[in-house]
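Good morning, colleagues. Please take a moment to look at the sequence and the structure, and I shall then go through them.

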Amino acid sequence: MKRRFIATIFCTAMAMSGVVQAEAAGQCAARADIVKALGDNFHESQAGRGLINPSVILEVFVSEQGSWTVLASDTKGQSCILSVGEGWDSSTMKAALPGA
């Protein structure tokens, strides 16, 4: 658990740095655009969020089919995709999704 927490913080810090943003330009965009694309293309909606620091929020989006996306969003409206995957399984999250 501690190892995963440290890895998440490290990845988030790197994703929000200018160097990594330049290398991963295709993975960063305006938050509103990313959220719309996640909904339109993958039927994902926000399932949870938490503060990394006062300027960055970690957000998790999931779909009823089990796809998931983790974003780091800053207070200026910029978001970067940190990770994506399949097979999300959480009864708490599923109960919160529309149609569950």
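First, the conventions. This is a predicted model, in which local features need pLDDT of at least 70 and side-chain atom pairs count only at pLDDT 80 or more, whereas totals for chains, interfaces and linings use all residues. Residues are numbered from 1 along each chain as its sequence is written, and side-chain values use heavy atoms, with hydrogens and water left out.

Now the overall make-up. The protein has four helices and five strands; helices (H or I, at least four residues) and strands (E, at least two) are DSSP runs, numbered from the N terminus. In that direction the order of elements is α-α-β-α-β-β-β-β-α. Of the 100 residues, 28% are buried. Here, buried means under 20% relative accessible area, exposed over 50%, and partly exposed in between, with a 1.4 Å probe and protein chains only. The accessible surface comes to about 6,600 Å², and 59% of that belongs to carbon and sulfur atoms. These areas come from the Shrake-Rupley method with a 1.4 Å probe, and for residues only the protein chains shown count as cover. As for contacts, meaning heavy atoms within 4.5 Å, those between residues at least 6 apart in sequence include 37% that join residues at least 24 apart.

Let me turn to the disulfide. A search of the whole structure finds one, the criterion being a pair of cysteine sulfur atoms within 2.5 Å. Which cysteines form the disulfide? They are C28 and C80, with sulfur atoms 2.1 Å apart. This pair links distant parts of the chain, since C28 belongs to strand β1 (residues 28-30) and C80 to strand β5 (residues 78-85), 52 residues apart. The torsion about the S-S bond of C28 and C80 is about 110°, and the disulfide is therefore right-handed. Both C28 and C80 are buried. In general, a disulfide is a covalent bond between the sulfur atoms of two cysteines.

Strand β5 also contains S79. Is S79 buried or exposed? Its relative accessibility is 0%, so S79 counts as buried. Leaving aside residues up to four places away in sequence, S79 touches Q27, C28, A29, R31, I34, L71, A72 and S73. One of these, S73, has its side chain joined to that of S79 by a polar contact of 2.5 Å. A polar contact is a pair of N or O atoms within 3.5 Å; within protein, one must be able to donate a hydrogen and the other to accept it, and residues adjacent in sequence count only if both atoms are side-chain atoms.

Next, the salt bridges. How many does the structure hold? There are two, where a salt bridge is a side-chain nitrogen of Lys or Arg within 4 Å of a carboxyl oxygen of Asp or Glu. E59 forms one with R31, the closest N and O atoms being 2.7 Å apart. That pair links distant parts of the chain, with E59 in strand β3 (residues 56-62) and R31 in helix α3 (residues 31-42), 28 residues apart. E59 counts as buried because its relative accessibility is 3%, while R31, at 29%, counts as partly exposed.

The salt bridge between K36 and D40 has its closest N and O atoms 2.6 Å apart. Both residues lie in helix α3, four residues apart, about one turn of the helix. K36 is exposed, with a relative accessible area of 53%, and D40 is partly exposed at 47%.

Helix α3 also holds G39, which is partly exposed with a relative accessible area of 26%. G39 and F61 are 22 residues apart in sequence, and their C-alpha atoms are 9.1 Å apart in space.

Finally, the strand pairing. Strands β2 (residues 45-53) and β3 run antiparallel and are joined by seven bridges; two strands pair if DSSP finds at least two bridges between them. The two form a hairpin with two residues between them. L51 has I57 in β3 as its bridge partner. I52 is found in strand β2 and counts as partly exposed, at 29% relative accessibility. The C-alpha atoms of I52 and D74 are separated by 9.9 Å, the residues being 22 apart along the chain.
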